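Hello,

Here is the structure for your files. My notes on it follow below.

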Amino acid sequence: MDDKQDQFLRRARPLTRAAAVASVVAIALVVALLLREPARADAGSPDGPSPFTLGEKIFADRSLSASGAMACATCHDPAHAHAQSNDLAVQLGGANLDVPGFRAVPSLQYISFMPGFFFAPDGTPTGGFNRDGRAKDLLTQALRPLFAAHEMANASPADLTVRLAQTPYAGEFRQVFGDNIFSDPEATVLAVTFALAQYQTLDSDFRPFDSKYDYFLAGKVMLSDAELRGLALFNRADKGNCNACHPSGRGPNHESPMFTDFTYDNLGVPRNPDIPANADPNYVDMGLCGPERTDLSERLDLCGAFKVPTLRNVATRKVFFHNGQFKTLRDALRFYVRRDTNPEEFYPIGPDGAVLKFNDLPPALHGNVNTQEVPYDRHPGEAPRLSEAELDDLEAFLNALTDGYAPGGAPAP
Amino acid sequence: MIRNPALLSPVSGCTSTSKRLRLLLSVVAAVASPLAAADEASLQAEIADLRAQIEQLRSQLKELATQRGQAPAPAVQAAAPAPVAGTSAPATAPPSELAQRVDRLERTVSAQAEEQSATTLFSYGEIAYSRPVHDSSQTTADLARAVLGWSHRFDDRTRMAAELELEHAVSSADDKGEVEIEQFYAERQFTDRVGGRAGLFLIPIGLLNEHHEPTQYYSVFRNFVETSIIPTTWREGGVAVYGGTEWGLDWNVGLTTGFNLANWDPSSQEGRDSPLGSIHQELSLAAAKDLSGYVSVNYVGVPGWTLGGTYFTGKAGQGVPDFPAQDARVTLWEAHARWQPGPFDFAALYSRGTISDTQALNLTFIGQPTPVPQLFFGGYVQAAWRNIWSYNDYSLTPFTRYEWVNTAAAYASVPQGLGVPTSPTEQIWTIGTDFYVTPSIVFKADYQQFRIDSSKNSFQLGFGLNF
């Protein structure tokens, strides 16, 4: 053995030992893979059933309601940005579709971007599901419509389980969640809400980001002159100031704008007599502090505050605000800028001729209404922050937030 | 432990190269230079130069001896160690005497080096008190920064340096302070005249960016041009090569990370205060698809004078998906001059920056208060009388400075009526004095007057140290 051979072997020996160790590890991994349990079905596969595909079916399945005529999609119509397709202030549900609800239907578009409810370091209530943020996540949020008396009105988890077990996709449900899933109603409900959450989170229909404004932000199309003027009015702190609560710019990590800062505001929206519950003068929907939400009932300073909604697809809404008081986008915009200059246009007149401003809140809580920020900082006799011509431009811009825009052509139907 | 400025500044590194060249032409003066004021690296270089000179003289002597039939003088004679500082050598000193002096110098340096670790610590920091003339409720006092630095010499030619900075005294989720690594690099001297550097380092631009310690500038706060236009302390990650010529031209070129225009916040005042300061990345998970480059030169061949400039350019779109300013380019250049005749110190600097291809991006910012400027610039002239009064270590240096700054001089065009007005060019006078307790500890006082926004007129007091 000469020196070169010896040198080569000295170098080779450690490599051989390393190769042996690597081989043992590789064999152990292969054995582990062969012996492990079969893949859980809930991991899903491109072809087989998954929580996602089941969620899609559940979302559209009317048979899961007491009436047999109401599905999630009934109120959250995919053709209307997952919001209501009619202009009723509240929807009718229950076994006979005759039980009125309490609030207008919010859009579920982009719902998965909603953070859970929390108080920011400066005390600002933020996030949460439902208009009062009382549901901490999408799973919890899905529970209410399944069992609320004025919605799908399942009497119990067992009631829902029976209906689910009779659906054409019950086998797929068992395949994904286990053969014995229907023997445990609580587990079934959890599986249903999980499937719905997966669907709303992963399906691109819930997060298309393909409005004209999205293309504009990407530099791919140009807004019209009116839309540009509207964007300016939207952003300007001395005009619409919409940007203060509905940020229009990309986030710090270049994420697309959600047009909501997920906070809450008290706008003093007029009481809507079209809501049957409002026939009772003692019933007042005060958002964060109740009565539907119960954990903040002591926080009187939060009474009347409702979550700032996304303005994506706002032009497709049939009703506006938590109580559906306004039925056109123009009326809603006009309320923003004329509420304080011309309150008589929005509130009833009292016996003494005085305008009953903020009439959907007890007088002691009127101080909660936002009267400081632009454009609510006006007074009777002053000019509104936006003129009718400027509202035309603002409305043009808001129309550019409708998803389904086809670059080079008209918005997709 | 003392701080070695050459570790932290390619310009100063280049300057030392030029000094060494000049030392070759003036051996005696170099030997007589105060040891305490010189750093070890430059002294080692000095010794090498002197030895070369000795060898040259010895060769000449040998030739003479040969011609006269005599033996040459001994190369080096043993000599008792003697303090070098303060001594002076006659210009006509024979090689043997010169060799003795070199030997003594080398022993002194070696002894000092043995005492000194290869790793050194250094630090600087400053506290500022600012009281607006028209609104005393806005008065603030702040430990603006405290910096701890360290360097390590791997060998005679290779070293590293780093700075850890804490701004505003406290850094937490509820405080405005920041903790940051301001520099972290290694450098190597390839030849006597060329070196290289890699890591996170300061861009060699202007008079302040690399020399931003409180004892290096006169006012309580750094001047506006070199904070609003040149975002001092501006550092990038990358590589650089630098060097100097015999005739006094120091140069520095680098390839670095750059700016990320996708970070521009049109709703913030930050972009109006300092356009580039609002989109610099500081090598913190920096988007680095688009690299930038710079060239910097300084001519120091005439004693007392420094003439120089820097040109920096790079794209700032960084490949961010669906970003409408993908081709935007940030360019910043500056030219500066400094003349220090006797006790006086005159300085002038002008800087101009542009950001191109911002029209589509700015359209998305319509109605917001701070779109991306297309042009921003600023300049200043400054005069100081160093040590107008001194007593022992104490000294007083009054100064004055006039600046003009515009952080949004032009915007890319937008449809009529939808833009925001450009900024006016603000003009600021600063007058004050620095009181040095030692060259490393300074108290400052000055007054600043703004021509347009007089609400900013203010008195300032400052305290800084540096070692």
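**What was found**

In chain A, 39% of the 413 residues are buried (20 or more other C-beta atoms within 10 Å of a residue's own, with C-beta atoms placed from the backbone). This is a predicted model, in which local features need pLDDT of at least 70, side-chain atom pairs count only at pLDDT 80 or more, and totals for chains, interfaces and linings use all residues. Residues are numbered from 1 along each chain as its sequence is written, while chains are lettered from A and ligands numbered from 1 in the order in which they are written.

Chain A has eleven helices and six strands (DSSP runs numbered from the N terminus: helices are H or I, at least four residues; strands are E, at least two). Take its contacts (C-beta atoms, placed from the backbone, within 7 Å) with a separation of 6 or more: 65% join residues 24 or more positions apart.

Now chain B. Eight helices and 17 strands make up its count. Of its 467 residues, 38% are buried. For contacts between residues at least 6 apart in sequence, 61% link residues at least 24 apart.

β14(B) spans residues 394-410 and β15(B) residues 426-438. They pair (at least two DSSP bridges) in the antiparallel sense, over eleven bridges. B:T400 has B:I431 in β15(B) as its bridge partner.

β15(B) also pairs with β16(B), residues 441-450. That pairing is antiparallel too, over ten bridges. A two-residue hairpin joins β15(B) to β16(B). B:F450 in β16(B) stands opposite B:I428.

Best regards

Key. Buried ≥ 20, exposed ≤ 12 C-beta atoms within 10 Å, placed from the backbone. Contact = placed C-beta atoms within 7 Å.
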